[in-house]
Amino acid sequence: MNKILSVLKYKKAENPPPIWLMRQAGRYLPEYRKIREKFPHFMDFCLTPEAIETVTLQPITRFDFDAAIIFCDILILPHLLGQKVEFIAGKGPVLEAVNWETFLEKGEKKNLLGAFSPILQSIKTIRQALCKEKSLIGFIGSPWTIATYMVNQKKYTEEVFKFYEENKTLFKRLLTLLTDQGSAFLIEQVKAGCDTVQIFDSWAGLVPLDKREEFLWGPLEKIYNKLQKTFPKNCPPIIYYGRGVYDHYEELEKRFPNLCFGVDETVDIQDITLTQPFQGNLDPEKLLSQEFIKDTLFIKEKIKGKPFIFNLGHGIKPNTPLDHVYQLVEIIRK
Ligand code: CP3
């Protein structure tokens, strides 16, 4: 039986809850670092099927998590749309300057199916290698979160609001482009074999309240509706991970009856009143020391009887000790 789908699709409370970790394939794993070394450019790594397949399965082999998440990055979309993305050690992503008029005009006409093919091919191979009991999660970044990187050309800064104020029409077109191309990408990931999808909205909480409908929920609704329409009988569960916007989840539950939620570490697990399936929310900082044990036991106790997946509140840190991850899985399954 697939425990992730049992929780997300059939809304069952599994005991013990299934577990996977955001950024579970990454630098805290020595076997990841070994392959990573071979690629001077991170985006080349994200587009090489053998590398994607190996790295996606590494955390499953090591920790026996209940789900694999396809190895890629949310910034692959701007990269494939023609805004080159580089990752600089210690600095994070750097995106090239573009002429927005030309970029949007070209992007709106682009069919990225061919460009997605190394990733889609990998999904097919991984699905065959993975036993039926394990889920394969596909993902995209939310239009807003990706747009912040594209406009700033690096990690989030206030620049994005200045850009919006000065170029409202362009910014709206950019969100529409990312919504349309992003949902097309997500749909292809499902067709290739992903049984669950996640939308990463890491910078959601920075949007002012009066812009959340336009920047966040409107685009989310379009993506949600496109998936429901494409797979009317068998739509995969959609997990919305919005950092810093837990306060809206109750209204989102009403608006999107099939949406599942990723809860960040700032939310107290005792305060969660969601009725739809959710995942979270151990603070990844806690996993650096033995402190995670107390918090994990607490979460495990509080979510009894709820359709819940154990995860972190944000991505695992590169300096996380492997021993702690082994222990974490053991505590959850005990
Ligand atoms: O979860 C997984 O294992 C799947 C792969 C995955 C990566 N990034 C691999 C990656 C996923 C789902 C992401 C999502 C992602 N990427 C988000 C949303 C989640 C979050 O953490 O908020 C964001 C904002 C990005 C953009 C991004 N990619 C940044 C800011 C960075 C640099 C981070 C850093 O710590 O340097 C990346 C690079 C990245 N993406 C790495 C990995 C494993 C590290 C790159 C390396 O190996 O050099």
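What volume does the second largest cavity have? The value is about 30 Å³, and the following paragraphs place that space among the other voids of the structure. The model is predicted, so local features need pLDDT of at least 70 and side-chain atom pairs count only at pLDDT 80 or more, whereas totals for chains, interfaces and linings use all residues. Residues are numbered from 1 along each chain as its sequence is written, and side-chain values use heavy atoms, with hydrogens and water left out.

On a 1 Å grid over the protein atoms alone, a cavity is a set of points where a 1.4 Å probe fits but cannot get out; a pocket is an open set with protein on both sides within 12 Å along at least five of seven lines, and lining residues have an atom within 4 Å of a point. Points are joined across faces, edges and corners, and a volume is the space filled by probe spheres set on them.

The largest pocket holds about 1400 Å³ of space. Its lining comprises 41 residues, with Arg23, Arg27, Asp73, Phe87 and Pro93 nearest the centre. Two or more lining residues come from each of α2 (30-36), β2 (85-88) and β3 (92-95); helices (H or I, at least four residues) and strands (E, at least two) are DSSP runs numbered from the N terminus.

This largest pocket is the space taken by the ligand, a molecule being placed in a pocket if more than half of its atoms lie within 2 Å of the grid points. Around the ligand stand 22 residues, of which Arg23, Arg27, Tyr32, Asp73 and Ser202 come nearest; a residue counts as near if one of its heavy atoms lies within 4 Å. A polar side-chain atom of His314 is 2.8 Å from a ligand oxygen atom, and a backbone N or O atom of Ala25 lies 3.2 Å from an oxygen atom of the ligand.

The largest has a volume of about 50 Å³, and α11 gives the most to its lining, with 4 residues. Among the residues lining this largest cavity are Trp144, Asp201, Phe215 and Tyr240.

The second largest cavity is lined by residues including Asp73, Leu77, Phe139 and Phe185. Strand β4 provides the largest share of that lining, 3 residues.

Notes. Polar contact = N/O pair within 3.5 Å; in protein donor to acceptor, adjacent residues only side chain to side chain.
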